[in-house]
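Here are my notes on this one, as numbered points. Have the structure open while you go through them.

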Amino acid sequence: MVFCAAFTPYTAMTQTATPSSTFMPWTDSLHTGDARMDETHQEFVDMINQILATPEDQQLPVYKAFLNHTVEHFAQEERWMLATGFSADNCHAEHHATILETMRVVEAHYLDSDKTIITRMAEALAEWFPGHANSMDAGLAAHLKSVGFDSVTETLADPSAIKNVTMSGCGSVSCS
Ligand SMILES: [Fe+2]
Ligand SMILES: [Fe+2]
């Protein structure tokens, strides 16, 4: 399985997780500065916990719903990026694509024979997500605010604010 640089399997908590526990709590440290983005992220976290509370032989439908939600989650951010001056091939979007590709491979392996792989993927995403939310997503949220983009209505207060802005990076944060 190919993981991007900041995305590695997480194992430290697997021995303490139980089906009824909340594996990944929602905390203030996950806030990005954009309420709509945070709402989507809270759903993402809830779905990770839902997967980990589900017996492994019953995880497929929950995982499929999570994958569909993640497709929409990432598409929403990429739509906002394009609306505010990012180029389509920016590194934040490339990062999303790597995650989605890995998630689809996990579904295929689960269907093939590996009934523990969805649990391992959910644990890995729980480890990956805070870093992504605090860097690329928080950077995007700060950028949206700086150009006057309303993420609820998906409109710019002043479209001229993004004139001559074309970014291939991640806004205020490094892609490395
Ligand atoms: Fe996000
Ligand atoms: Fe993101």
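**Notes on the predicted model**

1. Start with the inventory: the protein has 4 helices and 2 strands. Going along the sequence, the pattern reads α-α-α-α-β-β. Keep in mind throughout that this is a predicted model. Of its 176 residues, 28% count as buried. Among contacts between residues at least 6 apart in sequence, 75% join residues at least 24 apart.

2. A word on confidence. The average pLDDT for the protein is 86, and 80% of the residues score at least 70. Among the elements, α1 has the highest mean pLDDT, 98, while strand β2 (residues 155-156) has the lowest, 92.

3. Now the helix pairs. Two packed helices are described by the angle between their axes and the distance between the axes. For α1 and α4, the axes come within 10 Å and cross at roughly 170 degrees. An angle over 145 degrees counts as roughly antiparallel, and α1 and α4 are therefore roughly antiparallel to each other. On the α1 side the contact is made by M37, H41, F44, I48, I51 and L52, which meet I118, T119, A122, L125, A126, F129, A133, D137 and A141 of α4. Sorted by class, that contact has 12 nonpolar, 2 polar and 1 charged residues.

4. How do α3 and α4 cross? The axes of α3 (residues 91-112) and α4 (residues 117-146) come within 12 Å, at a crossing angle of roughly 170 degrees. That makes α3 roughly antiparallel to α4. From α3 the contact takes H92, H95, M103, V106, H109 and Y110, and from α4 it takes I117, I118, M121, M136 and L140. The class count for this contact is 8 nonpolar, 3 polar and no charged residues. I118 is worth a click, as I118 is listed in the contact with α3 and also in the contact with α1.

5. On to the nonpolar cores. The largest has 18 residues, and those with the most contacts inside it are I48, I51, I118, M121, A122, L125 and A126. Which helices each supply at least two residues of this core? They are α1 (35-52), α2 (60-83) and α4. Helix α4 gives the most, with 7 residues. Another core lies apart from it, with 12 residues, among them A133, A138, L140 and L144. Two of those named residues turn up in the helix contacts as well: A133 in the contact of α4 with α1, and L140 in the contact of α4 with α3.

6. A35, in helix α1, counts as exposed because it has 11 C-beta neighbours inside 10 Å. A35 and A141 are 106 residues apart in sequence, yet their C-alpha atoms are 9.3 Å apart in space. A141 is one of the α4 residues in the contact with α1.

7. Two more of this kind. Q76 lies in helix α2 and counts as partly exposed because it has 15 C-beta neighbours inside 10 Å. E127 and M24 are 103 residues apart in sequence and 9.0 Å apart in space, C-alpha to C-alpha.

8. Last, a backbone detail. Most residues other than glycine have a negative phi. E154 is not a glycine, but its phi is positive, at about 55 degrees. Where does E154 sit? E154 is in the loop between β1 (149-150) and β2. Is E154 buried or exposed? E154 is exposed, because 12 other C-beta atoms lie within 10 Å and 12 or fewer counts as exposed.

Methods:
Residues are numbered from 1 along each chain as its sequence is written. Chains are lettered from A and ligands numbered from 1 in the order in which they are written. This is a predicted model: local features need pLDDT of at least 70, side-chain atom pairs count only at pLDDT 80 or more; totals for chains, interfaces and linings use all residues. Axes are lines fitted to C-alpha atoms, for helices over the stretch in contact, and angles run from 0 to 180 degrees between N-to-C directions. Angles under 35 degrees count as roughly parallel, over 145 as roughly antiparallel, 65 to 115 as roughly perpendicular and the rest as oblique. Two residues are in contact if their C-beta atoms, placed from the backbone, lie within 7 Å. Ala, Val, Leu, Ile, Met, Phe, Trp, Tyr, Cys and Pro count as nonpolar, Asp, Glu, Lys and Arg as charged, and the others, Gly among them, as polar. A nonpolar core is a set of buried Ala, Val, Leu, Ile, Met, Phe, Trp, Tyr and Cys residues joined through C-beta atoms within 7 Å. A residue is buried if 20 or more other C-beta atoms lie within 10 Å of its own, exposed if 12 or fewer, and partly exposed in between; C-beta atoms are placed from the backbone. pLDDT is the predictor's confidence in each residue, from 0 to 100.
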